[in-house]
Amino acid sequence: MFTAALVFTTALSAGALATPPGHGFHPPMPGQTFYLQWKFADDPHSDWHDVAIDLADTSIPARLDQKVSISSKGDGAAITMTQFIPNASFDQQVVPIEEGGTPGLLLAIVGAKQSYRRWLMADDPARNRLTSLIGTWRYMSVPDVDQRDVLFDQFKHEFERAPMLEIAPPSGEPGRIEAAPGKKLTFDGGLSVEVLRFHPHFGYDEKTKEPKNLSDARINPGVLVRLKKGEKAEERWVFSKFPGFSQAGDGGVACGLRLDCPAERERPSPDYVLVTIARKNTESWLRYEGKVEVAKLELGEANPIPSSRYTFSMEQFVPAGKLVESYKAAPGSGSVTALQVRFPGASGSDEEAWLEIGKARVLETPAGPIAISFGPQAGSKGMGGHP
């Protein structure tokens, strides 16, 4: 299945990938308590569930066999934590498979003093992009030239299209309206949603401490929304860069909201989209300093990155493959904290996945997509993030 539109728009459940509250990134310390957090990714009203991980000492590796139920039906569906590594190195491999495989490419960024390599997979929102100080890369795949042209038009006008507010009521079909003051949508059951303000660059006035718009560039898009149902009413700010920030307000009006408005980077840098057409030819689309350039991406060919001393290349390409990721103990600079879990896959057979501290990912299970993460603090009310 090709998922070309994922790089530009995502479902309302995209907030599931927001980092749960309180998650840190410092090396584990003796005596810390770590928590596994999970929620149903396709339910905008679902809260994060916190479970303390049974670790005697978070500063040393440990084998685990701790189960966490993910079903209220009593059918035994569970995620099992199997291994914890406080200081680990990350390894990726892509195994070619003929049926159900996904296009993948090994992106290599090389400079005079350091280099970096990472596999990008076309159908995985958590693995199809790379962001650094010198540039941003997104990887897509389309079945033919016609869809390539549609995708290119989206990329070219990405920051020009009207921002949209996606609305998920507690019951019934979701809705979508332009995020412009005065726009309003009423649902069966009496729920109404009205747009009050839209700021492409949300910020605060230093004197009044009130929200204000800092510029016309879409650096931090935010929309102020009024929700009403019966005698209940409330106002919420919703931010495209922080989709989990305002999933619940103080007025008691249940409603999931997401602002679909691609954000620009405050510090201008090269923005690339790499697109494979029909699992064969790959193009590089570059947006930088107001211009868009297109070039064919050849295997192993070094491409200069504007305003830097680095180059990037497609080091390997697999037209149909499966990404296999693993971590191994490797104390030292650049190491991360990792947790391995075993879970029932959507096909019915058990699968394994690695989690990196503070980074949520989605697991496909028979109970539905599960957003899961872990870190040193609990906090299931909301999903954190701050504008």
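**A walk through the predicted model**

Start by selecting arginine 148 and aspartate 149: their side chains form a salt bridge, 3.0 Å from N to O. (A salt bridge here is a side-chain nitrogen of Lys or Arg within 4 Å of a carboxyl oxygen of Asp or Glu.) Arginine 148 is buried at 13% relative accessible area, whereas aspartate 149 is partly exposed at 37%. (Buried means under 20% relative accessible area, exposed over 50%, partly exposed in between, with a 1.4 Å probe and protein chains only.)

Before moving on, some ground rules. This is a predicted model, where local features need pLDDT of at least 70, side-chain atom pairs count only at pLDDT 80 or more, and totals for chains, interfaces and linings use all residues. Residues are numbered from 1 along each chain as its sequence is written, and side-chain values use heavy atoms, with hydrogens and water left out.

Now colour by pLDDT, the predictor's confidence in each residue from 0 to 100. The protein averages 85, and 86% of the residues score at least 70. Residues 1-25 fall below 50, though this stretch has 87 contacts beyond near neighbours in sequence; contact means heavy atoms within 4.5 Å. Residues 380-387 are also below 50, with 30 such contacts. Where pLDDT is low, the predicted coordinates should not be read in detail.

Next, pick out the open sheet of three strands, ordered E10-E9-E17 with antiparallel pairing. (Strands are DSSP runs of E, at least two residues, numbered from the N terminus; two of them pair if DSSP finds at least two bridges between them.) E10 (175-178) and E17 (256-260) are the edge strands, each with a single partner, so one side of each has no neighbour in the sheet. E9 (164-168) pairs with E17 over five bridges, and methionine 164 has aspartate 260 as its bridge partner there.

Stay on aspartate 260. Its side chain meets arginine 176 in a salt bridge, 3.1 Å from N to O. That pair links E17 to E10, 84 residues apart in the chain. Aspartate 260 is buried at 2%, while arginine 176 is partly exposed at 40%.

Finally, show the largest nonpolar core, which has 22 residues; Leu36, Ile53, Met81, Leu339, Val341 and Phe374 touch the most other members. (Such a core is a set of buried Ala, Val, Leu, Ile, Met, Phe, Trp, Tyr and Cys residues joined through side-chain atoms within 4.5 Å.) Apart from it lies another core of 18 residues, including Leu191 and Leu259.

Conventions:
Helix = DSSP H or I, 4+ residues; strand = E, 2+ residues; numbered from the N terminus.
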